[in-house]
Amino acid sequence: MYKPITILLLMILSMSASAQMKFCTDELDSYPVLAGGREKPLYVLASESVRFMTGENRVGDLSATEAFCKLSLKAFGMPTEIPVSIKVDHVDVRKLLGMKDGETSREVALLMPMVSRIESALSTQKENNSYKKELTKVRSRLSTYQAITEARAWVTPVKKDNKIEFVTLGEFLTEERLMAARSSGGNPVETLFKQAKADYLQAKGDGYLLELKYYQWNPFMWAMLATLLAIILFVVMKNKLPGTIFTVLSIGIQIAAMAMRVMISGRAPVTNMYETVMFSGFGALIISCIITLYRKEIAFVIAGLSFNVLALMMMKFANGMLDPGISPLVPVLRDNFWLSTHVTTVILSYAALALSWMLANSLLIRSRFQTVSSTDYRYQVGLIYTCIKFGVVLLATGVILGGVWADYSWGRFWGWDPKETWSLIVLLVYMAILHGKFTSWIPPQRFVPLVAAAFMSVMMAWFGVNYILASGLHSYGFSEGGAIFLGSFFLIQVLVLAVTTIKRTA
Amino acid sequence: MSLMNSILNYYRKVELFFGSLKFAVIIITLFALSLAYGTFMESYHGTEYANRLIYKSLPFMGLQFGMFLSILFATLIRLPPKKHLYGFYMIHAGLITVFLGSYVTYQSGVDGTITLTPNLPARQIQLGDDELRIQFPAKGKEVTVNLPFVPGPKDLGYSYQNIKLKTFLPFAEDKTDWVPVKIEDPMQTSSIYKLFNENFGETLTLTLHPLSDFNNTQQLGPLNVHYMPGSLVDCFATPSPDGLLVWNGENSTCMSPTEKNLKKTIRPDGKKLVEIDFDGRKLAFLPDVSPLPVNEKLELTESTPYRIFSKKLFEGKPHLFLFGKSAAFFDKSKNAWTAHKFEVGGSVPLPWMGFKVELKEHKNDAYPTMRPHYVKPVQENGQTIVGDMKAVEVEVEGQSFWVKSNDPVAFNIGGQRITFDLTKKNITLPYELVLDRFKMDNDPGTNNPASFESFVTLFKGNQGTSKHHIFMNNPLKHQSFTFYQASYFQTQEGPLGSVLSVNFDPGRFWKYLGSLLLVLGSIWHFVLRSKNQTKQEKAHV
């Protein structure tokens, strides 16, 4: 705690009770801070911290910024009682911490005395299993809380020798500064923060506020609504114009949103799992539109829109698995040329294969519950085959570009890294199907379920390597919580295959 | 002629078999399954294990050869060239070229690392293969044995003069082995205990045997554990008014000074002086200072088997005395020494943080020693956390011992000194690199590395020197070798050292050419040809 009595007294003397209450408001959203190696608005830091600790976007009635601010002022002795509950996901960790059945989070005051128990449990875990990962995460959530309440998390700009430097809030709100600000009249705390922000804006401009707009506008949610509407309009209306308008609108919003991310991060938007899902959804829609222009077949656009809306829904609702935050990259990935060629090509290939998967499943389900003529069936198979051809060409190109990047960066074309190996497996799986299609082994009736099943290899390469295998040089996308998602996906796909193929056999 | 025909017929059968689509489907599927298995092995057991088990194993190379045959014959059976298959030919030619390029890399390429310590010249490239070096310093001779790239234990069956190399363990951990003793001695017992509480558990192997790799004391945080002969437990259990304990090391008996009416005096400085008779002479002890006797000048001496302990020395901090099947300690809550007996499998509660001690094993007829045992490795975050040791069993003149990786062993045979060193293969560069400085930048306000940079000087002999800056995605290329920034380490002196990966790839051109053909061929075959087909189909309609 930073000389609490002196500073608290200064604060109390300087600020009326209502002013104290009003200091921690959403006006601080646009205050510049340094966090995680980047300069960003306080809103982003506060939202990320609160979501990480509690899994929620707010703390009770308080917005993330208000809660973050009030918790930070605890370091100076401000009597703020905010009931922060730390999220605990793992059942065994809940048991270790004495939580009751059904209790998913626990007040921080009750968890803090258990840090030594967490440390002891961690020291006995040799394998890096989900239990150990969750223990580490809970400890990390508690550390985040400590960092906030000890005024270490809020790193604020300060002008020194005509240059902007960053110091922690504890170092910023010193007795000297408060006294100096007080002498200039007005509320010294507010004066200090306003001056710091003004100095920052003068030196560095307001470019960082783009991130605030990006999060507040929530463009991907609007894109999701536009895509959903487009699907409905294409299905319901004979006139394709309204659907087309909403498709174009969705594409426009997504391009704008990705452009904002590119401007904020300064790199291609394909560097973590959230961004690959985003880009694959967008890519599937674009590829489907391109194919439609050639094949004049609206089914492609509907498949593209369907995958697009799936991806946007994952981005919106699967925050435990997909982290929307923008973080600096590990050194080896800081190469925009290769990011925007190798990674985008691979993700686009996944998008094209996703289209084939959507069409294959749709055909399987349709032929299970409706009568599909053999001409229509063959026609649909042709559509699926078109998507696979695009996917295979893009994937082969992406894998080779990855090899060239690896050769350029690490000195070897191929190193059997799990991510690159699984990309090759995907290519081999689809090659086996394409080769088999010309034998008696894979007639159209087997081709369709095989294509639906083959997408599981894509999901393994895309998510499984990160969530299940979790090792290798492509560790940038690693995060927790995806194993259940992947398991559920495999289970549902197997069930669909079982239901649809049993009928055929019968 | 008929022979020629039958050879041609046979060849056509081979060609049709290997070039068939069904063979392609089978070999592609097998290849994909092997790869999938390999990724799981890598995830659990690490990259090196996966390489040894799958990616660089003979069966996997056989699969790759099968792929090669499939691609080659699939092309051959579709000759002479047909216009609609130009894309197909290009794809398959590309794949064959990639295979050939990879083979050239496998046969002639170099993939290693060079470790640069600041301001020290370096020219040794460390490769991935293991070797055992047997050195005869007196003769200035060295014999190098290449160790096999296998995932499990392998009998080497190699002998040189009177040296036999028996087993190679590519992944090993030291584990406890019991070595039988010829004569049982109660003074040389050994025991394994488990010390545990709700959150912590630690196995203790303690012994009194002089040949064991283990000791008779161990420290666990603030707790000191002492292992002693079983006959001494009574001295700890029996209350002694003066808190002293006399121990005869010759016959492992003990007694209280009060019990034997030994002469005790208090010196002017307040310390106790105890005297006992030994071989007709008087021995003086200052038990509050040391268990050893002192001479007239109050200097410590070790000339007698007698020791006197002051139990008070072990009452302040936690000390646990273990006597095989008994345990004794000072219980502060009772302000008394307590002793407990327990059998194998039994446990005794201790007065510290809910700890208990459990007797797991106790032996008079064997002593514990550490010996490398094969284990399947376990990896975490790219680091091998279990099995990070290699070992070779060597037999010299009927005596076996283990040589462990990076732990050279010296052996004397008939007055001749021989050293065994299990290490990585090295190659020496014809020039030197010196790390002038290593720079690591972090992302602002964090400890996350943002960049690794090595500033090096290249000494090229007669061609002078040159300065280079190596960082991620910016390697140094010199005389066919390419040096890439790979890692860093902290030197004992403080500054950071750098690790560069070093690569020489004579197959690079062919792999690039093959890749280009593959991509162009795929576009031709799948996209352009399909477009033409679609047009034709439409025209037909």
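B:Trp247 stands opposite B:Cys254, a residue of strand 12 of chain B. In this predicted model, strand 11 (residues 244-248) of chain B is joined to strand 12 by three bridges, and the two strands run antiparallel. Both belong to an open sheet of three strands in chain B, ordered 12-11-17 and paired in the antiparallel sense. Strand 12 (253-255) and strand 17 (306-310) of chain B each have a single partner strand and stand at the edges, so one side of each lacks a neighbour in the sheet. From one strand to the next, the twist averages 25°.

## Four-stranded sheet of chain B

Chain B also has an open sheet of four strands, with the order 8-7-22-21 and antiparallel pairing. Its edge strands are strand 8 (201-207) and strand 21 (347-349) of chain B, each of which pairs on one side only. Neighbouring strands of this sheet are turned against each other by 25° on average, with direction ignored.

At one end of this order, strand 21 of chain B is connected to strand 22 (residues 356-363) of chain B by three bridges, and these strands run antiparallel. Within that pairing, B:Val348 has B:Val357 of strand 22 as its bridge partner. Strands of a sheet pair through backbone hydrogen bonds, in either a parallel or an antiparallel arrangement.

## Two hairpins of chain B

Strand 28 (residues 409-413) and strand 29 (residues 416-442) of chain B pair over five bridges in the antiparallel sense. B:Asn412 stands opposite B:Arg417, which lies in strand 29 of chain B. The hairpin of these strands has two residues between them, and in it B:Gly414 takes a positive phi near 55°.

Strand 30 of chain B is joined by seven bridges to strand 31 (residues 465-471) of chain B, again with the strands running antiparallel. The bridge partner of B:Phe459 is B:Thr465, in strand 31 of chain B. Five residues lie between the strands of this hairpin, where B:Gly461 takes a positive phi near 65°.

B:Tyr106 is part of helix 5 (residues 86-108) of chain B. With 12 other C-beta atoms within 10 Å, B:Tyr106 counts as exposed, because the cut-off for an exposed residue is 12 or fewer. The C-alpha atom of B:Tyr106 is separated by 9.4 Å from that of B:Pro506, although the two residues are 400 residues apart along the chain.

## Contact between the chains

Between the two chains, 52 residues of chain B are in contact with 48 residues of chain A. On the side of chain B that touches chain A, at least two residues each come from helix 2 (21-45), helix 3 (47-55), strand 24 (378-380), strand 30 (449-459), strand 33 (481-490), strand 34 (496-504) and helix 7 (508-540) of chain B. Helix 2 of chain B supplies the largest share, 15 residues. By residue class, this side of chain B divides into 25 nonpolar, 20 polar and seven charged residues.

## Overall description of chain A

Chain A has 21 helices and six strands. Its C-alpha trace spans about 85 × 55 × 50 Å along the principal axes. Of its 506 residues, 46% count as buried. Among the contacts in chain A with a separation of 6 or more, 69% are accounted for by residues 24 or more positions apart.

## Helices of chain A

The axes of helix 15 (residues 273-295) and helix 16 (residues 298-317) of chain A come within 8 Å and cross at roughly 170°. That angle makes helix 15 of chain A roughly antiparallel to helix 16 of chain A, because angles over 145 degrees count as such. The residues of this contact divide into 19 nonpolar, six polar and one charged.

In helix 12 (residues 209-217) of chain A, the residues A:Glu211, A:Tyr214 and A:Tyr215 are buried. Viewed down the axis of helix 12 of chain A, its buried residues fall within an arc of 90°, so they line one face of the helix. The elements covering the buried residues of helix 12 include strand 2 (38-41), helix 3 (42-54) and helix 14 (241-265) of chain A. Just after helix 12 of chain A, A:Asn218 takes a positive phi of about 55°.

Terms used:
Residues are numbered from 1 along each chain as its sequence is written. Chains are lettered from A and ligands numbered from 1 in the order in which they are written. This is a predicted model: local features need pLDDT of at least 70, side-chain atom pairs count only at pLDDT 80 or more; totals for chains, interfaces and linings use all residues. Two residues are in contact if their C-beta atoms, placed from the backbone, lie within 7 Å. Ala, Val, Leu, Ile, Met, Phe, Trp, Tyr, Cys and Pro count as nonpolar, Asp, Glu, Lys and Arg as charged, and the others, Gly among them, as polar. Axes are lines fitted to C-alpha atoms, for helices over the stretch in contact, and angles run from 0 to 180 degrees between N-to-C directions. Angles under 35 degrees count as roughly parallel, over 145 as roughly antiparallel, 65 to 115 as roughly perpendicular and the rest as oblique. A residue is buried if 20 or more other C-beta atoms lie within 10 Å of its own, exposed if 12 or fewer, and partly exposed in between; C-beta atoms are placed from the backbone. The arc is that of the directions from the helix axis to the C-beta atoms. Two strands pair if DSSP finds at least two bridges between them.
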